[in-house]
Amino acid sequence: MMRERSTLIRTAPTVLLLAAAACAGGEAGVPAEGQPEGPVLDLVVRSPGELLLLEEDGLWSSRDNGASWEAVPVPERAAAAGFSSVAAPNDRPEAILLGGSFGVIRTEDRGASWRSSEERLSGPPSVLAAHADSVHILFAYDPAEGVFRSDDSGRSWMMMDGGPPGEIQSLVHSNLPGSMNTGWLYAATDRGVARAMDCFCGWRPSGELTGENHGMLAVTVDLEQPERIYAGGQAGVFGSDDGGTTWRLLSQPGQVTALATDGSSGILFAGTADGAVLSSRDRGETWDSAAGDG
Amino acid sequence: MADCRGRVISGLLAALAVTACDTDGEGAAASGADPATLALGKAIYVEHCASCHGPNGEGAPDWEQITAAGEMPAPPHDSTGHTWRHADAVLYQIVEQGWRDPFNRTERLTMPAFGDTLDRSEIRAVLEYIKTLWTPEQRQFQKAESEGAPYPEAALQP
């Protein structure tokens, strides 16, 4: 059973209010209370040891590999509308992008203030991803339209193609050599894993992990060894050592909804539908609670 | 951030991915290359490229499906393909040095290298001919992509 993404609330007043507030000069972020407890929608490795965790109504940051978390301030109305994806642009260390029914908003001060993109995507993005190397290139996915690319850190967007068959649940950019452009995109979809060169020259099934029986919710790449790809879903965590051509089942730690890799340490992180954050130091074979890590 | 009109950038690439077939005349007039270059380019295409990429740039049959040998077939060069997504420098290098999809099961260059067969001006000529097979919007996109990655300077010499 696929994870049910929260219904994106398409209420015009909400969007307009958020847009107006953001356009007026930015909207202040408000930190959530407590600790992350809900289903993990997205995980991002911001820098070695630093993670971002996204829940439907909150964003959290950890500087100790998930052992402890602090809330990142987010606009209250955006949180009420519901988040869908987070990305960490490479251009500024304090920059974060959030996607949801409100579109895409960006902070450059770790959540103290947020602004909308100057030129919006045609619809609410359900997935965001940062280029593996470029400081300005970002990707977004709107299920109704396709995959978008931004060359200016999310300020404007261009639709690149309709995406692979099925619906993208997670997207990651890889610097694996051999592309006609700058790298590759891997997408976890409800029909398995798909890959494409980032020139958008056509999506293809990523090897054997394809078909309606191989629905995946998460995908990540080890950027230090980009031939290593991981994908996760209800069936478990799968790994590939050849850029996603052959795969094997590594482990079954529960319904994995998010994956992230810290290439510098080799730690693989997983978020689950029941709110757990796990870490693996043996490439997904075994897992520990990140709360016990550090 | 100054522009808060909420202007949506949309449909550029939707317009690009059309199946409209450009006539030689229309594409030639809009491509910007001189007629002699285009005539040379077309002749080179017919002799060296058509057998794999199709006489009209339509690509190999079932070009999106990996073959039994584990290789990706020759893609289209017309508006239905993705050649227009690449900058001049990339296209030039592919023609000169050849290329293989890194996920092919074979090791050979499925796109042969023509650097020893075609001189620099001939490589540029065949690429300029291929551009006549695209829509105006695709040529515009490719031109913008090529601003940061143009033909090698030597290829621009007469």
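Hi everyone, let me start with a cysteine. Cys201(A) has a relative accessibility of 9%, so it counts as buried; here buried means under 20% relative accessible area, exposed means over 50%, and partly exposed is in between, with a 1.4 Å probe and protein chains only. Cys199(A) is buried as well, because its relative accessibility is 5%. How many disulfides does the structure hold? Over all chains, the number is 0, where a disulfide is a pair of cysteine sulfur atoms within 2.5 Å.

Some ground rules before we go on. This is a predicted model, where local features need pLDDT of at least 70 and side-chain atom pairs count only at pLDDT 80 or more, while totals for chains, interfaces and linings use all residues. Residues are numbered from 1 along each chain as its sequence is written, chains are lettered from A and ligands numbered from 1 in the order in which they are written, and side-chain values use heavy atoms, leaving out hydrogens and water.

Now the chains. Chain A comes with 2 helices and 25 strands; helices (H or I, at least four residues) and strands (E, at least two) are DSSP runs, numbered from the N terminus. Chain B has 6 helices and 0 strands, and its elements run α-α-α-α-α-α from the N terminus on. In chain A, 59% of the 294 residues count as buried; in chain B, buried residues make up 44% of 158.

And what about contacts, meaning heavy atoms within 4.5 Å? Taking contacts in chain A between residues at least 6 apart in sequence, 46% join residues at least 24 apart. For chain B, 61% of the contacts with a separation of 6 or more come from residues 24 or more positions apart.

Ser47(A) is partly exposed because its relative accessibility is 28%, and its C-alpha atom sits 20 Å from that of Ala112(A), 65 residues away along the chain.

Next, Ser251(A), which belongs to strand 21 (residues 248–251) of chain A. Buried or exposed? Ser251(A) is buried, because its relative accessible area is 9%. The side chain of Ser251(A) makes a polar contact of 2.8 Å with the side chain of Trp287(A). A polar contact is a pair of N or O atoms within 3.5 Å; within protein, one must be able to donate a hydrogen and the other to accept it, and residues adjacent in sequence count only if both atoms are side-chain atoms. Leaving aside neighbours within four places in sequence, Ser251(A) is in contact with Gly236(A), Val237(A), Gly284(A), Glu285(A) and Trp287(A).

Gly233(A), in strand 19 (residues 229–233), has 0% relative accessibility and therefore counts as buried. Not counting residues up to four places away, Gly233(A) touches Met216(A), Leu217(A), Gly254(A), Gln255(A) and Val256(A).

Last stop, backbone angles. Asn65(A) is not a glycine, yet has a positive phi of about 55°; it lies in the loop between strand 4 (58–62) and strand 5 (70–71) of chain A. Arg110(A), also not a glycine, has a positive phi of about 55°, and lies in the loop between strand 8 (103–107) and strand 9 (113–116) of chain A. Arg110(A) is buried because its relative accessible area is 17%; for Asn65(A), also buried, the value is 11%.

Technical notes: Contact means heavy atoms within 4.5 Å.
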